[in-house]
Amino acid sequence: MHKLSRTNRDKLQQFVSITGASEKSALQALKASDWQIEAAFDVFYSQPQPKSNDPYSDMILAEGVSVLCSELQVEPQDIVTLVLSWHMNAATACEFSKEEFCGGLLALGIDSIGKLQEKLSFMRSELKDEQKFYEIYNFAFGWAKEKGQKSLALDTAIGMWQLLFAEREWPLVNHWCDFLQDRHNKAISKDTWAQLLEFARTVNPMLSNYDAEGAWPYLIDEFVEYLYDKSVVEK
Amino acid sequence: MSRQNVKPMTMDQGFELIDAAVTKLKRILEGKPEPAFGSHEYIENYTIVYNMCTQKPPDDLSQQLYDKYGGIFEDYDKHTMLPSIMEKHDEYMLRELSRMWDINKIMVRWLSHFFFYLDRYFITRRSLPSLTEVGMTCFRDHVYNNVHFNVKQVIIALIHKEREGQQIDSALLKNILDLFVQNGKGSMERYEDDFEKFFLQETASYYSRRSSSWILEDSCPEYMIKSEESLKKEKERVTHYLHSTTEPKLVEVVQTRLLVLVAKQLLEKESSGCSALLRDDKTDDLSRMYRLYHEIPKGLEPVAKAFRLHVTSEGNGLIKQAEDAATSGSVEEQVLVRKIIDLHDKYMAYVTDCFQNHTLFHKALKEAFEIFCNKKVAGSSSAELLATFCDNLFKKAGNDKSNDDSTIESTIDNVVKLLDYISDKDLFAEFYRKKQARRLLFGRFNDDHERSILTKLKGQFGGQFTSKMEGMVTDMQLAKDQQTGFEEHIKNGNTGKPKGVDFTVNVLTTGFWPSYKTSDLNLPLEMVNCIESFKAYYETKTKHRRLMWIYSLGICHLNGRFDPKPIELIVSTYQAAVLCAFNNTERLTYQELIEQLNLSHEDLVRVLHSLSCAKYKFLKKEPASKTISKTDSFEFNSKFTDKMRRIKVCIRLLCLFLQWMIAVEDVDKDRRYAIDASLVRIMKSRKVLPHQQLVSECVEQLSRMFKPDIKMIKKRIEDLISRDYLERDTENPNTFKYVA
């Protein structure tokens, strides 16, 4: 690395870590885009790539994501990464394809790390919006599960729920997680995931308006039984 | 006589003449000595009126005559009739009234004849009430209206007397009540308001009092007899003197007081109520109960309810009995099922005889049976018990000649009836099929009986219910033919004759029969030859079919050449394989056996145990402990003997509990498929449906075979959602949509 300013050197490092490109192509791309990172990505990706056997060459993977996070000064487990992924319509956690990443940034009107960092607080606030929370929550299922699996692994699900319900309080969330570990021990289906939010939204914690004859998924009915059993709620 | 010269009659003149006639009439009517009117008098009186009417105005006295006529009646009614009635009491009053009424009627007749000319022109011209009407109205206004209250009191008092057993003058009452009716002038108002209303009230309180005292003193049958009697008497009363329109109202009042208001107390009477009557076979009393309550709208409902409760408790009692009697968890199903069948026959007889086949009672019986027939008895479901019952019935039928065909047939009918009450019919089918398989394979069956029950089950529950079982029975038939063919084949020397070994094969169609596990048992050479020879024969019959040999179900007859005497041994194929291994060697260890025979450890242990540690020790075991271990060695027990010349030792390779578990699991699996299919079928046709309705329709569709568990349905719905057959409506998550 020669004759590069501190900032540019950092940007170069970032770029390399994120895209996995060679220093040479990184430098090329950054120079071509006047050291604007977002544009640089664009340039970089629009270049004809050397034929590579690596199907992930067009993607930002776990490593890249963690670099991104450190640049943004957030923890990788910070829920804001979920919101970001949602904006980008990312298919899987800890992975961004080129289209997803660039497309998302474009939509957000972001062309630098700094701007992205500024946008973070806005993204956090989006979680307080009822409708957006609903969309983000439902998005999270597909995002958090393993590729090719239909259901979400229990541990991941519990982690996600803890994260999500930290933003939007649900008094029964801990009981729910305990119940699952105690009695269920299997993956979570999409329907159950979606219906749980419905349950948290519409049924009050005393379960006074819970309709046992309703179309709640089996697991939620079991949860209610569990709450009665453990005397968390009076019947 | 010419009219021109005659002076018109004056009013006074005319009236004087009329009065005279009226006085005469009154005397006649009052029974005083007076000659009757002759015809010339009649004509004279008529003519007086005629003349007075036809005189030229102002001498036309029609109006005055009309008024006079009315006046005559008014006068007589007020001043003669009414007082004479009022001064009397009780029955005498009634008689006097009756007399006056008759007198009035005659007076009206006569006087209207005299005054007839008025009717012809004056009245019609002026649209006035006719002479008859005037006479009757006067009576009503001046006599009836003033006496009816007291008269009614008297009548009611008399009726009360009659109810208490005394004789009264029915004819008199009939007349008086007729009078009431007639004074209504065409409507029943007077009768109803002035008499009937009070009569019904009085009747109501009378029967209330009766009912209160009877219900305490009398037993149910006695009470019913008294009620029946009372109703009969009241109906007679109507024919004797009450107006026919009173009947339905009267009957209703009596029924309400005697039967409806006390129904609960009556039916639930301790030792004589409905329950007791049913228990003690009191058909007459029950028939009476039916008769009495049948006439009352909705009257039979409490009776049907009592019936249902009684039958349910009887049934529950039988179940409890069976539970208590069950030793070591095994229920004596023969006894229990027979008792339930008897119970059914007994109470069905009540329904058809005493209760006249009324639908309410059929329904009550059905509901009662459905309750206790679905109870578990000592952990066994009724479906299983019934299947076991059938199994024993058919197994015994072969042996026990006293069970003749018609008894078997009627028992089969009863079984089918009982099955109708059991909700888990598919569970029955599964157990029945498994047991049927064993019966068929081990030769303990009667083709006619097997087919008979299947036909009846098919008729009641449809072909799908019985298709596998029928397939199995047919297979046995085909197997027989197959075997004949095979033996022919051998006789003709077509293949290697299996060296003096008689060999029978049953070829089963896989889909019909329960699944059996195969094993890679190494058969002794003699048996291998048999297998090969049959295989060759079978190839000639059909290509493209693969034979899977189930050795676990085979039976062998071996000649045991023991030193003392030879004994024939009837053992399973596995046991035979083990024994034959000793044909070539005196001694074999466990390890050697397992290598030679290629059996699983569990199977070998079981077989060796049955041959060396059980009742008959064909093999000597070293060490001679009670259990088999892998280090044991075995020797042919040449010294073995028994007084029998033929010994049968068969073992079940799967313990009963496991068999049961497999059956229940299979049924569960089938149910899951059935629920799935039903849900998809419903959603495909309805496209959109709320959760509740989907569940209830699904339950209904499946109710013919089993009662689906709501939780299972919910789980299947969720499964279908994850498999993208259904989805939730985004607006309303309680509703599902079909995903095409």
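Which ring does the charged end of Lys152(B) sit over? Select Lys152(B) and Phe149(B): the charged end of the lysine lies over the ring of Phe149(B), 4.0 Å from its centre. The criterion is NZ of Lys or CZ of Arg within 6 Å of the ring centre and within 35 degrees of the ring normal. Next select Arg163(B), which lies over the face of Tyr206(B) at 5.3 Å from the ring centre.

This is a predicted model, in which local features need pLDDT of at least 70 and side-chain atom pairs count only at pLDDT 80 or more, while totals for chains, interfaces and linings use all residues. Residues are numbered from 1 along each chain as its sequence is written, chains are lettered from A and ligands numbered from 1 in the order in which they are written, and side-chain values use heavy atoms, with hydrogens and water left out.

**Cavities**

A cavity is a set of points, on a 1 Å grid over the protein atoms alone, where a 1.4 Å probe fits but cannot get out; lining residues have an atom within 4 Å of a point. Grid points are joined across faces, edges and corners, and a volume is the space filled by probe spheres set on the points. The count is 4 cavities of 30 Å³ or more.

For the largest cavity, of about 120 Å³, select Val337(B), Ile340(B), Cys373(B), Ser382(B) and Ile422(B), which lie nearest its centre among 13 lining residues. Helix H15 (333–352), helix H16 (359–373) and helix H17 (382–399) of chain B each give two or more residues to this lining. Helices (H or I, at least four residues) and strands (E, at least two) are DSSP runs, numbered from the N terminus. By class, the lining has 11 nonpolar, 1 polar and 1 charged residues. Here Ala, Val, Leu, Ile, Met, Phe, Trp, Tyr, Cys and Pro count as nonpolar, Asp, Glu, Lys and Arg as charged, and the others, Gly among them, as polar.

H3(A) provides the largest share, 3 residues. The lining divides into 9 nonpolar, 1 polar and 2 charged residues.

**A serine in chain A**

Select Ser85(A), in helix H5 (residues 79–88) of chain A. Ser85(A) is buried, at 2% relative accessible area (buried is under 20%, exposed over 50%, partly exposed in between, with a 1.4 Å probe and protein chains only). Beyond its neighbours within four places in sequence, Ser85(A) contacts Ala90(A), Phe96(A), Phe139(A) and Trp143(A); contact means heavy atoms within 4.5 Å.

**A pocket in chain B**

A pocket is an open set with protein on both sides within 12 Å along at least five of seven lines. Select Asp426(B), Gln464(B), Phe465(B), Asp670(B) and Met705(B), which lie nearest its centre among 30 lining residues. H26(B) gives the most to this lining, with 9 residues. The classes are 13 nonpolar, 6 polar and 11 charged.

**Backbone stops**

Select Pro623(B), in the loop between strand S4 (619–622) and strand S5 (633–636) of chain B. The peptide bond from Glu622(B) to Pro623(B) is cis, with omega near -5°.

Ser127(B), not a glycine, has a positive phi, near 50°, and is exposed at 65% relative accessibility. Finish at Lys298(B), in the loop between helix H13 (283–294) and helix H14 (300–325) of chain B. Phi of Lys298(B) is positive, about 60°, and Lys298(B) is exposed at 66%.
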